[in-house]
Amino acid sequence: MAHTQSANNASPVLEVKNLRTHFQTRRGELKAVNNVSFSLARGETLGLVGESGSGKSMTCFSILRMIAKPAGKIVGGEVLLDGTDLLKLSEEEIREVRGKGISMILQDPMTSLNPLISVGKQVAEPLHLHQGLSGSSLWDAVREVLALVRIPAPERRLKDYPHQMSGGMRQRIVGAISVSCRPRVLIADEPTTALDVTIQAQFLKLLKDMQKSTGLGMILVTHDLGIVAKNCDRVAVMYAGKIVEIGSVRDIFDRPAHPYTRALLRSLPKLSEKHDRLPSIEGQPPDLLDLPAGCSFQERCPHAMPICRRQEPEQTEIAKEHLARCFLVDEEAEA
């Protein structure tokens, strides 16, 4: 599992408090991010996990205020980057933060990169915009960044276009753009989805090496719990727009408290066991336009109680920095 030294003792570089993002649709209001709170320390990696549609990516886009308007709107909460609330900044001010204070690596490098512009110019753009570099100093900085992400022969690669590179190389270019201005926080949204296993491992190691050298805090969004176990310090499990459990990697993997977290872990294949079919979570996630009263996981939960259908569970502290939204936690504590 990931290294166990606690980065949480350091002051947080990012604090998200009661973040709520809603979308207006023809059928009504969709609560994509529903009262999400967490913190991120310098040098720490927080894994954000959950099924598709659970709100992981939308939480990240909300942090950067990259919500599609006019349908989408951040309706409440705070996003504090070193104490500055990003939700209160003007459009011009938040553009300064993107790339410089917080950067994001998107899932597919082919849709992140402009096919008509050379990779050198794409890496140079944030350096020129945020650091004011130009001329020879700009291109020296571009070569330095390409070397940082281990692009071989960076001088020759400056004039290449994205289609001339492999998937792994393109993802490294996206990584180079993201870290070029030395951000304090890096959001990696499924950064290895399009990569094969070998290149995936190399890219994740590259991110960790860059993190060690720069001290940036990282949010790693992924479906792969194996990646989480190896690369993260803490884990936040999302379901239906909420964080239902958060804690250290060891706590989540060894002592999962929420039935949804336990179900996710049961679905992992184990080399020591033979299965004709992997366990799955019965049912479907709830419709975010028509959330049930009480706990949003109640219809799929094997331990659902009458109170789960009437009342929404509050976050309960199980151990230090290990919290879960589940009435089952309270029942076990009383027992």
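Trainee: What is the strand order in the open sheet of four strands?
Mentor: The order is β2-β1-β4-β5, and the pairing is antiparallel. Strands here are DSSP runs of E with at least two residues, helices are runs of H or I with at least four, and both are numbered from the N terminus. Two strands pair if DSSP finds at least two bridges between them. Before we go on: this is a predicted model, where local features need pLDDT of at least 70 and side-chain atom pairs count only at pLDDT 80 or more, while totals for chains, interfaces and linings use all residues. Residues are numbered from 1 along each chain as its sequence is written, and side-chain values use heavy atoms, with hydrogens and water left out.

Trainee: Thanks! Which are the edge strands there?
Mentor: β2 (28–41) and β5 (84–85), each pairing on one side only. β5 pairs with β4 (residues 72–81) in the antiparallel sense over two bridges, and Leu81 has Thr84 of β5 as its bridge partner.

Trainee: And which strands does helix α1 lie across?
Mentor: Helix α1 (residues 56–63) lies across β1 (12–25), β2 and β4, and runs at about 75 degrees to β2. Axes are lines fitted to C-alpha atoms, for helices over the stretch in contact, and angles run from 0 to 180 degrees between N-to-C directions. Contact means heavy atoms within 4.5 Å.

Trainee: Okay, the open sheet of eight strands. What's its order?
Mentor: β6-β7-β8-β3-β9-β10-β12-β11, with mixed pairing. Its edge strands are β6 (102–105) and β11 (315–319). On average, neighbouring strands of this sheet are turned by 20 degrees against each other, direction ignored.

Trainee: What packs on that sheet?
Mentor: α1 does, touching β3 (45–49), β6, β7 (185–189), β8 (217–221) and β9, with its direction at about 145 degrees to that of β8. Helix α7 (residues 167–179) packs on the sheet as well, touching β6 and β7, and its direction makes about 170 degrees with that of β6.

Trainee: Switching topic: how many aromatic pairs are there?
Mentor: Three. Rings of Phe, Tyr and Trp (its six-membered ring) pair if their centres lie within 6.5 Å; planes under 30 degrees apart count as stacked, over 60 as edge-to-face and the rest as tilted. Tyr239 and Phe297 are edge-to-face, because their ring centres are 5.1 Å apart and their planes stand at 85 degrees. Tyr239 is in strand β9 and Phe297 in the loop between α11 and α12 (306–310), so this pair ties together parts 58 residues apart in sequence.

Trainee: Now the cavities. How many are 30 Å³ or more?
Mentor: Two. On a 1 Å grid over the protein atoms alone, a cavity is a set of points where a 1.4 Å probe fits but cannot get out, and lining residues have an atom within 4 Å of a point. The volume is the space filled by probe spheres set on the points, which are joined across faces, edges and corners.

Trainee: What lines the largest cavity?
Mentor: The largest cavity holds about 80 Å³ and is lined by 14 residues, with Pro259, Cys295, Cys301, Cys308 and Cys326 nearest its centre. By class, the lining has 11 nonpolar, three polar and no charged residues. Ala, Val, Leu, Ile, Met, Phe, Trp, Tyr, Cys and Pro count as nonpolar, Asp, Glu, Lys and Arg as charged, and the others, Gly among them, as polar.

Trainee: And which element gives the largest share of the lining in the second largest cavity?
Mentor: α11, with three residues.

Note on methods: 1 Å grid on protein atoms, 1.4 Å probe; cavity = no way out; pocket = protein on both sides within 12 Å on 5 of 7 lines; lining within 4 Å.
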